[in-house]
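Open the model in your viewer and keep the selection tool at hand.

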Amino acid sequence: MIGSVRWRMLRGKLELRKRNLVSRFLALTPGSQLGCFQNHNPRSVGEFRICSIANGRYLINKKLSKDIKDPPSRFSLGTLTAQYADLLQGCADRRDVAEGKAVHADIIRVGLESNRFLANHLVHMYGKCGSLQDARAVFDSICDPNVYSWTSMIGAYAHHGYGNEALNLFRQMQNACVRPDKVTLVTALNACCNQEAKKEGVLIHSQVMESGLESDIVVACGLLNMYRRCGSLEDVWGIFTKMHERDVIVWNVMIAACIEHEHSKQAVQLFGQMQLEGTIPNQITFIGILGTFSAPDDVAEGALLHAHIAKAGYEEDVFVGTALVNMYGKCGSLEDSRYVFDRMPEKNVVSWNAMLSVYAQSGNDREVLHLFEQMQKDMKPDKVTFLNVLDAYGNLSALRYGKHIHSLIEAGKLQTDLTIGNALISMYAKCGSVENARKVFDSMIERDVISWNTMIAAYGQHGYGEEALQLFRSMQKSHVLPSKITFVNILSACSHAGLLDEGHKIFSSMSADYGLPPALEHYGCMVDLLGRLGQLDEAENILKQMPFPADSLVYMTLLGACRLHGDVERGKRVAEHLFQIDARKSAPYVVLSNIYAATGRWDDVYRVRQKMIDRGVKKEPGCSSIVVKNRVHDFVVGKSSHPRFRDIFVELETLTRKMKRLGYVPDTQLVLHDIEGEQKEHLLSHHSEKLAVTFGIINTPPQTPIQVVKNLRVCEDCHNAVKFISVVTRREIVLRDTHRFHRFKDGMCSCGNFW
């Protein structure tokens with residue numbers, strides 16, 4: 001900040017003097033201008049340059065060069081070099097490499113490029129600006145580099161993550177018999193940033209001891225940081241316990257080391273100890289300690305620390321405030337997180353992203369969208385913002401708004417970013433637009449295993465098994481090594497498409513070709529594949545022969561297959577296993593009831609229902625949602641609370657009459673009540689997915705595609721009804737349930753009735 005102020009003051013003075021000189025010079029003849037220049041006592045190179053600015057005569061520039069090499073008695077060369085040094089420091093502080101290069105050009109023009117003092121400042125400036133090639137070029141041009149020259153270049157490499165280059169230069173420095181000083185040693189320690197560099201760090205540590213600098217607090221802090229980055233907490237403690245003097249920076253490094261090694265309790269203890277020893281925490285301390293609270297049980301301690309922060313006067317600090325938002329979010333206290341966020345007097349993009357992430361990680365996608373709308377009024381979104389928002393729009397299946405975010409990403413020239421590309425594929429896939437997902441995939445300059453996995457999963461979830469297999473083969477040809485997630489996705493794709501032989505081959509290739517032993521998820525995929533195809537004996541055998549116990553998800557997969565194929569006895573047996581694993585989950589009771597109801601065993605249906613009542617188990621109600629005009633609308637089975645329910649029901653009755661004329665017959669077997677058929681039809685008509693689809697029809701222009709998300713598996717009657725609705729309304733309807741996507745068009749579904 002000081003350098004920036006000095007720079008502005010200097011530029012202001014120079015600009016004022018320039019205007020006065022220009023006015024006077026322009027009023028004179030060229031000869032008089034030259035005479036004036038000879039008699040003038042210039043204060044900076046800027047004034048020398050006024051001559052050419054005022055009249056554009058190169059003759060005066062030649063005189064300039066001559067006079068600087070042999071300056072007038074009243075002109076100090078030391079003053080000139082000091083001016084240049086100040087200008088370069090200002091460029092370094094502001095990371096303004098363009099201005100720095102302009103100053104560098106002036107230095108060369110006036111013949112001072114061989115001045116070591118200025119060369120050192122140039123190396124420093126280019127290093128701060130990240131222009132390492134220019135920094136090295138200037139360094140190599142120095143005839144006799146001193147310790148400052150070496151330190152500046154080593155620091156430039158270390159600061160920008162080129163540790164090996166920094167350490168190589170440090171060795172060259174010692175070979176050149178230049179003795180490192182305290183700053184050089186600390187700079188070299190900063191270059192030791194991983195486990196591989198620890199050996200070099202230990203050697204530098206020995207040099208520190210030989211120089212008698214181990215007790216110096218700055219050097220000791222450098223040693224702490226070096227061992228911390230190299231992953232050696234034991235050595236960090238060794239240095240720390242030997243220190244006789246500890247400032248807040250030392251304590252902060254020690255706390256950070258404990259947190260990085262997941263020793264949160266030790267970090268909190270250090271926080272208490274530092275205050276007992278009289279060291280006052282600063283914002284870095286508070287930010288570090290806030291990161292140790294990340295579970296619901298920690299919220300009370302976090303709140304106490306919040307009170308401490310407020311007392312210390314850091315509550316309004318933007319960085320501490322952001323850390324508080326994150327802390328409360330990780331502890332599951334969304335209200336406190338939002339309270340802190342709303343009270344922050346200043347917010348940066350990191351603050352907004354922190355609040356967005358809190359909502360995204362808690363599954364509160366609607367609040368993500370509302371907050372994003374507010375953010376756009378005050379702040380420009382960045383990459384992290386888009387990642388959060390894309391995930392939320394994908395979860396809500398809001399294709400239109402997801403496309404808008406894509407356009408913002410392209411406007412910000414972020415579309416080539418790998419993680420953004422992966423997020424776009426996922427968003428389009430969740431919104432039911434496989435074509436757009438594939439367009440993004442094909443346009444990616446760089447792809448990693450996540451890119452391939454996401455696209456394969458997209459095909460699988462939409463029932464495009466052959467396309468998923470083709471992409472998997474392309475992945476193999478591209479020499480991208482499949483991960484365990486890859487095999488889950490491709491096996492799931494085979495399951496959704498009924499590709500038994502291909503599924504068997506891929507399952508076998510995991511260990512045979514890739515050395516990956518199948519995990520529980522892979523066995524679950526095989527149970528699903530066999531179960532869907534009616535091979536229930538083999539599916540149950542796989543479940544029993546797995547090298548580890550099956551979990552409830554695998555048993556539920558087999559139970560679903562029993563319902564699909566009407567295997568009552570096996571279904572009853574599998575359900576009993578599920579009751580033993582967790583008797584409070586409603587899904588097994590509901591599926592078993594469906595199995596009994598499908599065969600007319602109403603006494604068994606009532607017995608299952610009574611078990612649920614006795615055990616206090618409540619069935620999760622079916623809920624479907626649709627986004628219209630940037631607002632999420634929810635529909636719950638049997639509920640009429642939506643303000644437009646009457647309009648929805650009238651339209652649904654009209655649709656049903658038209659559907660029946662085309663051959664639609666309600667599947668009343670799915671109603672788990674022993675009541676009259678007309679009453680069963682009425683209950684079916686109130687299913688949430690039908691209500692959501694109908695609401696979309698009456699609130700969007702004709703032939704507009706509709707996207708609906710359901711929290712449970714879509715029932716057979718609704719699946720059949722939406723086929724007819726797609727014909728009657730001439731619309732494409734995408735329905736996403738917990739198992740897969742159903743894309744309805746012209747009376748056909750992408751699942752091929754296989755789900």
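Which residues does M455 touch, not counting residues up to four places away in sequence? Select M455: I425, V434, A437, R438, F441 and L471 are its contacts on that count (contact means heavy atoms within 4.5 Å). This is a predicted model, where local features need pLDDT of at least 70, side-chain atom pairs count only at pLDDT 80 or more, and totals for chains, interfaces and linings use all residues. Residues are numbered from 1 along each chain as its sequence is written, and side-chain values use heavy atoms, with hydrogens and water left out.

Now widen the view. The largest nonpolar core has 183 residues, and Y84, L224 and M455 touch the most other members. Such a core is a set of buried Ala, Val, Leu, Ile, Met, Phe, Trp, Tyr and Cys residues joined through side-chain atoms within 4.5 Å. Buried means under 20% relative accessible area (1.4 Å probe, protein chains only). Another core lies apart, with 29 residues, including F649, F695, I697 and C751.

Next, the cysteines. The whole structure has zero disulfides (cysteine sulfur pairs within 2.5 Å). Select C91: its sulfur is 7.0 Å from the closest cysteine sulfur, in C129, too far for a bond. C91 is buried at 0% relative accessible area. Go to C751, where the nearest cysteine sulfur, in C749, is 3.4 Å away. C751 is buried too, at 5%.

Last stop: E689, in helix α39 (residues 688–699), a DSSP run of H or I, at least four residues, numbered from the N terminus. E689 is buried, at 0% relative accessibility. Not counting residues up to four places away in sequence, E689 touches S624, K710, V714, C715, C718 and L735.

Terms used
Buried < 20%, exposed > 50% of the residue type's maximum accessible area, 1.4 Å probe, protein only. Helix = DSSP H or I, 4+ residues; strand = E, 2+ residues; numbered from the N terminus.
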